[in-house]
Amino acid sequence: MSDPDASDDSASTSGDPAPASDPPESVTAALVEAARESDLGLVVGTLLAVYAAATLLTFTDGLNSVVGLLETLTFLGLVYALTALALNLQWGYTGLFNIGVAGFMAVGVYTMGMVVRSPDPAFGPPGLGLPLPVGVLAGMGMAALLGALAALPALRLKADYLAIVTLGLSEIIRLSLQSSAFDTFLRETIGAGTGGGRGMGMPDNPVRGLFLVDGQAGNPTALGDLVFGVFGTDGLGIAHTILIGWGYIAVLAGFLIGFYLLLERLGRSPFGRTMKAIREDELVANSLGKDVNLVKIKVFVIGCALMGLAGILWFGSQGNVSPTPQFRPLLTFYVFIAVIIGGSGSNTGSVLGGIVFAAVLFEGPRRVGGAVRGLIDAETPASFADAVASLDPVMFLAYATDNVAPLQFVFLGLVLVFIIHRRPEGILGDRIETAAAVDLSERPAGGESDE
């Protein structure tokens with residue numbers, strides 16, 4: 001017998017015209033959805049949105065201003081993403097509340113500087129005069145060693161108590177680096193110092209040597225000739241310092257990819273599943289025979305080593321480091337905001353959080369405030385009370401744009417309140433990795449139906 005349903009289907013298939021192709025709106029929606037589900041698409045799309053907004057903000061100031069702002073935003077986004085990934089390993093994967101991020105970054109960059117600086121410098125504290133790779137490894141090793149020491153209280157303390165201990169350790173590190181007595185002790189003991197409160201000059205950025213012979217301006221290498229000829233003053237007119245900065249950004253992007261792949265591989269390994277089990281319920285993980293204390297020590301060592309490397313890549317390229325303005329607890333607070341925005345427990349979320357925080361919350365308000373202030377033809381009120389009492393929105397806007405720095409903290413607070421209230425899991429927190437090795441939501445093949 002023939003199946004009437006099948007004949008109906010065949011008739012409709014043969015008689016009906018072919019369905020029309022999807023409208024452009026559907027294709028666009030599909031592409032947007034595919035980009036949203038792709039980690040790389042999310043990161044690239046976020047960067048393109050940041051670049052578009054920055055270009056609109058500065059395109060009237062010339063090409064150098066646009067490219068320079070894009071360089072600044074990209075650099076800040078990458079370094080915050082690097083540090084957020086390191087913190088996500090400890091907090092997002094294992095649930096260890098480390099508020100000493102700034103201290104471990106300081107240890108990394110200061111150790112690198114002490115190892116690499118000349119034993120007889122023209123100015124500043126002496127160093128050991130060893131090659132840069134040795135200094136980088138030494139910085140990571142010292143940060144890892146202090147991470148192991150910080151893990152000792154982590155074996156007995158949890159949550160807020162561990163946070164207080166790590167915050168105290170970070171402040172001990174900062175105040176020690178600021179102390180002239182500690183600087184003198186190191187000079188007399190190992191022949192290298194920290195510079196105390198005056199800070200320490202960093203070695204020349206090796207990326208600069210790729211573009212300039214011996215790092216000297218006006219003496220380009222073959223690569224420098226090519227890049228400067230196409231994009232520099234003889235080409236598009238972009239300043240050479242900006243082009244060299246983009247070269248260093250390429251190096252940072254390589255390290256960010258390495259960080260990401262390492263943590264992804266680590267998170268999917270048996271060790272990573274143990275970390276996430278500790279985060280979910282430490283007592284259950286311990287009862288299953290896992291060495292919880294050893295895992296905590298390893299996580300602190302790995303995470304703090306990565307924080308030390310992030311400090312080297314970030315502040316080691318700035319020419320000079322000083323403990324007080326650069327390594328205050330505020331830096332740790334910023335990194336936590338980046339992780340919260342992206343979503344704790346998601347590596348892609350940490351990258352997105354670093355980019356969004358750097359562009360929208362850290363650098364954005366100051367840039368937008370300066371641009372808006374240039375359009376306002378009004379005097380700035382002497383105080384906030386005067387701005388409110390004037391009942392003039394233009395006067396209030398003039399005051400706000402001239403005082404972006406203090407108002408930025410108010411803005412950060414409002415954003416945090418909004419995130420915690422509306423989306424506490426962050427941008428990608430809904431994609432947090434579980435402790436299971438398989439997706440428990442999938443029904444096994446041949447399973448019974450719910451009916």
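1. Which residues does F327 touch, not counting residues up to four places away in sequence? The model is a predicted one, and in it F327 touches A102, M105, A106, V109, Y110, R174, F315, V321 and S322. That list leaves out residues up to four places away in sequence.

2. F327 also belongs to the largest nonpolar core, which has 101 residues. Within this core, V109, F327 and F357 touch the most other members. Helix α4, residues 63–93, gives the core its largest share, with 18 residues.

3. For the overall fold, the protein has 21 helices and 2 strands. Its length is 451 residues, of which 42% count as buried. Among contacts with a separation of 6 or more, 70% are between residues 24 or more positions apart.

4. Helix α18 spans residues 364–373, and its buried residues are G364, P365, G369 and R373. These residues are on the same side of α18, because they cover an arc of only 150 degrees around the axis. The cover over the buried residues of α18 includes α17 (347–362), α20 (393–402) and α21 (404–422).

5. The search of the whole structure finds 8 salt bridges. One of them pairs R187 with D183, with the closest N and O atoms 3.2 Å apart. Both residues are in helix α8 (residues 180–190), and because they are 4 residues apart there, about one helical turn separates them. An α-helix has 3.6 residues a turn, so residues three or four places apart point the same way. D183 is buried at 4% relative accessibility, whereas R187 is partly exposed at 32%.

6. A second salt bridge joins R268 and E264, and the closest N and O atoms are 3.1 Å apart. R268 and E264 are also 4 residues apart, in helix α11 (residues 240–268), so they too are separated by about one helical turn. Buried or exposed: which applies to R268, and which to E264? R268 is exposed, with a relative accessible area of 57%. E264 is buried, at 12%.

7. R367 and E363 meet in a salt bridge through their side chains, at 2.9 Å from N to O. E363 counts as buried at 5% relative accessibility, and R367 as partly exposed at 30%. Salt bridges that share partners bring R366 into one network with E363 and R367.

8. On the surface, a nonpolar patch is formed by L63, L210, L223, L226, V230, F231 and L236. Together these residues have about 650 Å² of accessible area. Helix α10 (residues 222–231) supplies the largest share of the patch, 4 residues. L210 has its place in helix α9 (residues 206–211) and is partly exposed, with a relative accessible area of 48%.

Definitions and conventions: Residues numbered from 1 in each chain as written. Predicted model: local features only at pLDDT ≥ 70, side-chain atom pairs only at ≥ 80, totals over all residues. Heavy atoms only, no water. Salt bridge = Lys/Arg side-chain N within 4 Å of Asp/Glu carboxyl O. Buried < 20%, exposed > 50% of the residue type's maximum accessible area, 1.4 Å probe, protein only. Core = buried A, V, L, I, M, F, W, Y, C linked by side-chain atoms within 4.5 Å. Contact = heavy atoms within 4.5 Å. Arc of directions from axis to C-beta. Patch = residues over 30% accessible without salt bridge, like charges linked within 9 Å, V, L, I, M, F, W, Y side chains within 5 Å. Areas by Shrake-Rupley, 256 points an atom, 1.4 Å probe, with all protein chains shown as cover.
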